[in-house]
Amino acid sequence: MELLKRSRRLRNNINLRNMVRETRVSKNSLIYPIFVKEGKNIKEEIESMEGQYRYSPDKLLFALDELQKSGVNNVLLFGIPNYKDEIGSSAFDENGIVQTALKIAKAEFPDMYFITDVCMCEYTSHGHCGCLNNNYVDNDKTLELLSKTALSHVQAGADMVAPSDMMDGRILKIRQDLDKNGFVNTPIMSYAVKYSSAFYGPFREAAGSAPSFGDRKTYQMDYHNKKEAIKEALTDIDEGADIIMVKPALSYLDIIKDVSDLVNVPVSAYSVSGEYSMIKAASKMGFINEADIVCETATSIFRAGADILITYYAKDLAKYIDEGRIG
Ligand code: PBG
């Protein structure tokens with residue numbers, strides 16, 4: 001038989017397969033989320049996210065050392081405070097948990113890159129991402145709280161801030177206030193395209209941030225919508241966002257593709273807690289091979305168009321890259 005095209009020809013040798021790969025995965029593109037909590041000598045495993053921990057600032061240093069040795073230099077910090085109130089005031093306390101952890105971490109690891117999640121939900125007594133007005137999250141009043149939080153993170157040493165609250169206008173407000181205070185070169189990664197998702201379940205246990213009433217559907221996006229993703233992304237770029245995030249990742253590959261095709265800034269994707277926990281649980285049961293699934297899913301997110309991947313599997317991926325499984 002005379003076949004003119006034999007696609008298998010390029011699949012017959014591992015070096016050749018590696019040579020013709022269309023998607024590359026690099027440690028430089030990975031960000032590892034870490035939970036820090038107030039206290040000393042704490043490293044407690046998160047029940048819903050086996051292999052992930054809450055660290056007190058002193059113990060965080062060991063986690064950072066391990067991460068840096070794996071070749072991943074980028075961290076996304078989440079704070080778990082002791083004190084919560086109606087407006088989430090410990091979020092912008094200069095001695096708050098994120099601010100304290102940053103000061104210690106930056107001094108010990110000057111070559112690492114520290115991004116902070118900016119949101120109120122871990123700090124409010126009601127668990128919503130802003131302050132309330134008759135049980136409704138008040139958009140415009142929340143902007144001031146978010147901006148104060150972002151500024152306090154940057155003053156404590158954050159290299160980049162990542163607002164995840166989904167209030168309208170927060171990128172503009174944060175950009176203006178950072179600029180006014182001389183931080184014109186601090187980038188903002190906006191959780192611009194953030195869907196209201198059941199995939200955040202394990203995170204809310206990890207961070208103690210589940211809303212005490214209602215849900216987040218009046219501020220996070222409805223997963224039936226696609227054009228709205230473009231609207232959110234373009235709005236935040238207009239307001240000064242440097243990087244646009246799509247979140248979650250795996251059920252939203254079409255959104256990552258559409259957003260990355262349309263915008264002219266880097267796109268990050270957040271493979272969230274539920275994605276992590278599902279893979280962990282199924283592999284623990286022996287139903288899937290964890291390493292193979294992690295490589296395949298991470299690659300699919302880059303293939304969809306993401307430039308950056310935020311993942312609880314960052315350290316594992318670094319190892320898989322070293323082993324030549326992906327890359
Ligand atoms: C804070 C925030 C959440 C996540 C990141 N930032 C939770 C939420 O919106 O309820 C989720 C991360 C994850 O699930 O891994 N607003």
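Q: Where is Asn-135 found?
A: Asn-135 is in the loop between strand E6 (132-133) and E7. Keep in mind that this is a predicted model.

Q: Is Asn-135 buried or exposed?
A: Exposed. Its relative accessible area is 54%, and the cut-off for exposed is over 50%.

Q: What is its phi?
A: Phi of Asn-135 is near 65°. That is a positive value in a residue other than glycine.

Q: And what about Asn-41, what is its phi?
A: Asn-41 has a positive phi of about 60°, and it is not a glycine. Asn-41 sits in the loop between strand E1 (30-37) and strand E2 (43-45). It counts as exposed, at 56% relative accessibility.

Q: Let's move to H4. How far apart are its end C-alpha atoms?
A: They are 24 Å apart. Helix H4 covers residues 139-155, which is 17 residues. At 1.5 Å a residue it should span 24 Å, so the two values agree.

Q: How many residues of H4 are buried?
A: 12 of the 17. So H4 is largely enclosed by the rest of the structure.

Q: Which ones are buried?
A: Among them are Asn-139, Thr-142, Leu-143, Leu-145 and Leu-146. Further along H4, the buried residues include Ser-152, His-153 and Val-154.

Q: What happens at the start of H4?
A: Asp-138 makes a contact there. One of its side-chain oxygens reaches to within 3.3 Å of the backbone nitrogen of Asp-140.

Q: And just after H4?
A: Gly-157 takes a positive phi of about 120°.

Q: You mentioned H5. What follows that helix?
A: Gly-182 does. Its phi is positive, near 90°.

Q: Which residues of H5 are buried?
A: Arg-170, Ile-171, Lys-173, Ile-174, Arg-175, Asp-177 and Leu-178.

Q: What do those pack against?
A: H4, E8, E9 and helix H7 (227-239).

Q: New topic. How many residues are in the largest nonpolar core?
A: It has 108 residues. Leu-64, Val-193 and Val-259 have the most contacts inside it.

Q: Which helix gives the most to this core?
A: Helix H10, residues 290-304, with 7 residues.

Q: Back to Val-259. What is it in contact with?
A: Leaving aside neighbours within four places in sequence, Val-259 is in contact with Val-193, Ala-229, Ile-230, Ala-233, Ile-244, Val-246 and Val-267. Val-193 is also one of the residues with the most contacts inside the core.

Q: Let's look at H10. Is Ser-300 buried or exposed?
A: Buried, at 10% relative accessibility. The cut-off for buried is under 20%. Ser-300 is found in helix H10. Beyond its neighbours within four places in sequence, Ser-300 is in contact with Leu-250 and Leu-253.

Q: What about Ile-293, what is its relative accessible area?
A: It is 23%, so Ile-293 is partly exposed. Ile-293 is found in helix H10 too. Setting aside neighbours within four places in sequence, Ile-293 is in contact with Ile-279 and Ile-288.

Q: How far is Ile-293 from Ser-283 in space?
A: 9.0 Å, C-alpha to C-alpha. They are 10 residues apart in sequence.

Q: How many cavities does a search find?
A: A search of the whole structure finds 2 cavities of 30 Å³ or more. About 150 Å³ of space lies in the largest cavity.

Q: What lines the largest one?
A: 18 residues do. Phe-78, Lys-194, Tyr-200, Phe-203 and Lys-247 lie nearest its centre. Strand E9 (189-194) and helix H6 (201-207) are the elements that give two or more residues to the lining.

Q: Lys-247 again. Is its peptide bond to Pro-248 cis or trans?
A: Cis. The omega from Lys-247 to Pro-248 is near -10°. Pro-248 is in the loop between strand E10 (243-247) and helix H8 (253-262).

Methods. Residues are numbered from 1 along each chain as its sequence is written. This is a predicted model: local features need pLDDT of at least 70, side-chain atom pairs count only at pLDDT 80 or more; totals for chains, interfaces and linings use all residues. Side-chain values use heavy atoms; hydrogens and water are left out. Helices (H or I, at least four residues) and strands (E, at least two) are DSSP runs, numbered from the N terminus. The expected span of a helix is 1.5 Å times one less than its number of residues. Buried means under 20% relative accessible area, exposed over 50%, partly exposed in between (1.4 Å probe, protein chains only). A polar contact is a pair of N or O atoms within 3.5 Å; within protein, one must be able to donate a hydrogen and the other to accept it, and residues adjacent in sequence count only if both atoms are side-chain atoms. A nonpolar core is a set of buried Ala, Val, Leu, Ile, Met, Phe, Trp, Tyr and Cys residues joined through side-chain atoms within 4.5 Å. Contact means heavy atoms within 4.5 Å. On a 1 Å grid over the protein atoms alone, a cavity is a set of points where a 1.4 Å probe fits but cannot get out, and a pocket is an open set with protein on both sides within 12 Å along at least five of seven lines; lining residues have an atom within 4 Å of a point. Grid points are joined across faces, edges and corners, and a volume is the space filled by probe spheres set on the points.
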